[in-house]
Amino acid sequence: MNKTPRTAIVAALHDELASVLALMPDEQKQVIGGRAFWVGHLHGQEVVAVLSGIGKVAAATTATLLIERFHVQRIVFTGVAGGLGPGVRVGDVVLARSFLQHDMDASPLFPRHEVPGYGRARFDADSGLADALALACERMLGALPPQLDASTVQAFALQTPRLHQGLLISGDRFVATTAESTKLQRELPEALAVEMEGAAFAQVCHDFGVPLAVVRTISDRADDDAHVDFPRFLRDVASRYSGAIVRELMA
């Protein structure tokens, strides 16, 4: 009998998955549905690592395969997002406590944002797993940011990164204009950050009763001033955050 549940570690982008795979000493690749799943161990615990794909449909497919084919018992998603909430700055970390699809609109048949058939717009993260991930984030933020080189700190104006917890919103649009960002802030003032996969994972995990926790590093403010050097941010900041958070969680 396993002492710990089999954990899925999901990343949105290749650099972030690489930072996780570097922690796994014995991963074996399996390809299903056009996706590469890496099965192995991390700190002696069973792990399946995979790229989610971009957008809600790809995310839902990945989540379902993890649960049905690989029998994972909990899912942890790490990636990047655009900041929306007041005080959510580049380099900060957002831990989702609830999820909502900002582009879900079946009105007038259902209220805006409500998912038809569920009677709700929001899905919750698993509180126990999210609590554990929050502790991992706090430990990472206490240790890693001071180790970043000065040029990276200056390039992205990183200032004492903080952890924020609350509503994460998802949609099949890449939000990168001030007009759209302002519109989302007005419609959903509780939203801390916006991305493209989390709420889909949350709905699938709700369907199967599988615990989910999601953490996102803020790469930009989802507006006209979004950073143009995204590859550097991903390589020098976000991927290091992801690897360190997962390492702390699984230790």
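**Ground rules.** I am working with a predicted model, where local features need pLDDT of at least 70, side-chain atom pairs count only at pLDDT 80 or more, and totals for chains, interfaces and linings use all residues. Residues are numbered from 1 along each chain as its sequence is written, and side-chain values use heavy atoms, with hydrogens and water left out.

**Strand β10.** I started with β10, residues 212–220. Strands here are DSSP runs of E with at least two residues, helices are runs of H or I with at least four, and both are numbered from the N terminus. Is β10 buried or exposed? Nine of its nine residues are buried, so the strand is largely enclosed by the rest of the structure. (Buried means under 20% relative accessible area, exposed over 50%, and partly exposed in between, with a 1.4 Å probe and protein chains only.)

Next I looked up its partners, where two strands pair if DSSP finds at least two bridges between them. β5 (residues 74–83) runs parallel to β10, with eight bridges, and Gly82 stands opposite Asp220 of β10. β6 (residues 93–101) is antiparallel to β10 and joined to it by three bridges; here Leu95 faces Val215 of β10.

**Rings around Phe123.** I found four aromatic pairs in the structure. One of them is Tyr118 with Phe123, edge-to-face at 5.4 Å centre to centre and 75 degrees between the planes. (Rings of Phe, Tyr and Trp, the last by its six-membered ring, pair if their centres lie within 6.5 Å; planes under 30 degrees apart are stacked, over 60 edge-to-face, the rest tilted.) Phe123 is buried at 3% relative accessible area, whereas Tyr118 is partly exposed at 28%.

What sits over the ring of Phe123? The charged end of Arg120 does, 5.3 Å from the ring centre. (The test asks for NZ of Lys or CZ of Arg within 6 Å of the ring centre and within 35 degrees of the ring normal.)

**Helices α1 and α7.** I then checked α1 (residues 14–21) against α7 (residues 230–250): their axes come within 8 Å and cross at roughly 40 degrees. Axes are lines fitted to C-alpha atoms, for helices over the stretch in contact, with angles from 0 to 180 degrees between N-to-C directions. That makes α1 oblique to α7. (Under 35 degrees is roughly parallel, over 145 roughly antiparallel, 65 to 115 roughly perpendicular, and the rest oblique.)

**Glu138.** Last, I looked up Glu138, in helix α3 (residues 127–143). Glu138 is partly exposed at 47% relative accessibility. Its C-alpha atom is 15 Å from that of Thr78, 60 residues away along the chain.
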